[in-house]
Amino acid sequence: MDSLRFYVQTFGCQMNDHDSGVLARLLEEAGHLEVARPDEADLIVVNTCAIREKAEQKLFSQLGRYRLLKDRRPDLTIAVGGCVAQDAGRRLFRRAPYVDLVFGTHALQDVPDLVARVRRTGRRIAATPEEQDPERLEAFYAHHRARAVTAYVTVMQGCDNYCAYCIVPYVRGRELSRPADEVVAEVERLVAQGVAEVSLLGQNVNSYGLKPRGETDFPALVRRLARIPGLLRIRFTTSHPKDLSDDLIRCFGEVPALMPHIHLPLQSGSDRVLEAMRRRYTVGRYLSLVERLRQARPEIAITSDMIVGFPGETEEDFRATLEVMERVRFDGLFSFKFSPRPGTLAARLPEPVPEPVKEERLARLQALQQAHTLERNQALVGVVRPVLVEGPSKAGGGQVSGRTPENKIVNFPGDPAWVGREVDVRITAAAVNSLRGEVPAAPSVGPDHRPGGVACTFR
Ligand code: SAH
Ligand code: SF4
Ligand code: F3S
C-alpha cells in the first residue's frame with residue numbers, strides 16, 4: 001500500500017491516550033508518516049471515549065469538521081476507534097456515513113490491515129470483536145516505543161465491576177491481565193530507551209493477575225518492577241477502594257520507587273449513594289484506607305473522582321460528600337455531573353437530579369476542592385523535593401518542568417541537560433495547578449540513567 005500521512009486524535013482516559021500512541025508507532029512501522037495537523041493527512045484516526053454524553057457530543061461535532069475536509073479531498077480516509085466505536089459498531093455509519101472504518105477496542109492491532117483493505121476496495125468496514133485475543137494484545141504492545149522520560153504501560157484491560165453508572169465494562173470487555181513477564185520485559189525495554197518513570201494502567205489494578213490467575217499479583221508486580229536498574233519511579237492508576245489490599249498499602253511504605261501518590265476514586269460521600277452506585281464499599285472503609293495509606297507514607301498525595309447528581313442524590317447526600325472532602329483534603333479531584341449512559345443500570349433509575357441542581361452542586365464542590373488543592377500545594381512551599389525533569393517548561397524563559405514524587409508539576413530555572421534526571425528543588429511558590437521552585441548554585445542532580453546517544457523527545 002502507499003505510504004499515508006496520518007493524524008491521530010484522542011478523547012478519553014490515559015488508556016486511550018496510550019493506545020493511540022502505540023497505534024501511531026504501529027502505523028509508522030507499516031510505512032506511514034504521522035503529521036501534526038488533520039488537513040495534512042490522508043488518514044485521520046479518531047480514538048473515542050464514551051464515558052459521558054458530552055464526550056460523545058464532542059466527537060460528533062469533531063467528525064462534522066473532518067467531513068468538510070473530506071468533501072474537499074474525497075481520498076481522505078476517516079477511521080473511528082475506541083469506546084464509542086466498540087459500542088456503536090456499524091450504527092456509527094448511519095450517524096456519520098462519511099466514516100470509512102470503525103474499529104473496536106479489541107481491534108487495534110488490525111488497523112493497518114483494515115485501512116489498507118478500505119483503501120483498496122473502497123468499501124466501509126466495521127471491526128468490533130467482543131473479546132480480546134491475549135496474543136494479539138501482546139503483539140500490539142510490542143510496538144510501544146519510548147517518546148519521553150515517562151511512559152504508560154497497560155497491565156490489564158477491561159473491567160468486571162459494573163458500577164451502576166459506568167459504560168466501561170460494556171465497551172472495554174472483560175478483565176484481562178497481561179502476563180507479568182511481558183509487562184516486566186516491556187518496562188525493561190522502555191528503560192533501555194531512556195524512560196525513568198512508568199505509570200501502570202488498568203481500570204482496577206488491584207485485580208491484576210487474578211484473571212487469568214497468574215503467579216504475580218499487583219503488589220508482587222510492583223516489587224518486581226522496582227528491581228529494574230535505572231527505573232526511578234513507578235506509579236499506577238486506577239485503584240478501586242473495595243479491593244485496595246493491605247499488601248499494596250505496605251508497598252507504599254516499603255518500595256521507595258513506588259511514588260507517594262494514589263488516585264483512589266470515591267465517587268460519593270454518602271453510603272446510600274455508594275450502594276446505589278454498586279461501589280461495594282462504605283465511606284467508613286474509605287476513610288480507614290486513607291488513614292492507613294497516610295500511616296504507611298505520611299507525605300502521600302491522594303486524588304479522587306467524584307460524581308454529583310447521581311439519581312436520587314439529595315442535598316443531604318451531597319453535603320456528606322463535602323464533609324468527606326473536608327476530612328480527607330484531597331490533593332486533587334476530578335468531578336463530573338452524572339451522565340446517564342445507555343445500557344447501564346443507573347440509566348434506568350428513577351429520581352433524576354435536575355440539570356441546574358447538578359450544576360450548582362458541581363460548582364460548590366469544585367470551589368471547595370480548589371481551596372484544598374491550594375492548601376495541599378502550599379504546604380510544600382519551603383520544602384526540598386526531588387523533581388524528575390521531563391522537559392522545558394511551557395512557560396519558557398529558561399525554565400524546565402518536572403514532577404515531585406507526589407505528582408505535582410514544578411517549573412524552575414534549570415538546565416535542559418537535566419531531562420531524565422532527578423534534581424533537588426526547593427519549592428518557592430504554589431498555585432492550584434503547579435508549583436514553582438529553585439535550585440541552589442551547586443545543584444544536586446541525580447545520575448543520568450539514559451543510554452548514551454539516545455535523545456528523548458517529548459511532545
Ligand atoms: N476505573 C476507574 C474509573 C474510570 S472512569 C474507577 O473505577 O475509579 C473515570 C471516572 O469517570 C469515574 O471514576 C467516574 O467518576 C466518572 N464517570 C464514569 N461514568 C460516569 C457517568 N456515567 N457520569 C459521570 N461520570 C462518570
Ligand atoms: Fe467503571 Fe467501576 Fe469499572 Fe471503574 S471500576 S471502570 S467506574 S465499572
Ligand atoms: Fe473513555 Fe473508554 Fe477510557 S469510555 S474513559 S476512553 S475506557
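Between which domains does ligand 1 lie?

I looked this up in a predicted model, where local features need pLDDT of at least 70, side-chain atom pairs count only at pLDDT 80 or more, and totals for chains, interfaces and linings use all residues. Residues are numbered from 1 along each chain as written, chains are lettered from A and ligands numbered from 1 in written order, and side-chain values use heavy atoms, without hydrogens and water.

**Entry 1, ligand 1.** I find that domain 2 (132-259) and domain 3 (287-296 + 303-379) both give residues to the shell, so ligand 1 lies between them. The domain bounds come from an automatic or database assignment. The shell has 15 residues, each with a heavy atom within 4 Å of the ligand. Gln203, Pro265, Gln267, Asp305 and Ser339 come nearest.

I took pairs of N or O atoms within 3.5 Å. The Gln267 side chain has an N or O atom 2.7 Å from an oxygen of ligand 1. For the Arg52 side chain, the distance to a ligand oxygen is 3.2 Å. Tyr165 places a backbone N or O atom 3.0 Å from a ligand nitrogen. Of the 540 Å² of accessible area that ligand 1 has on its own, the protein covers 90% (Shrake-Rupley, 1.4 Å probe). I note strand E13 (301-308) and strand E14 (332-337) as the elements giving two or more residues to the shell (strands are DSSP runs E of at least two residues, helices H or I of at least four, numbered from the N terminus).

Conventions. A polar contact is a pair of N or O atoms within 3.5 Å; within protein, one must be able to donate a hydrogen and the other to accept it, and residues adjacent in sequence count only if both atoms are side-chain atoms.
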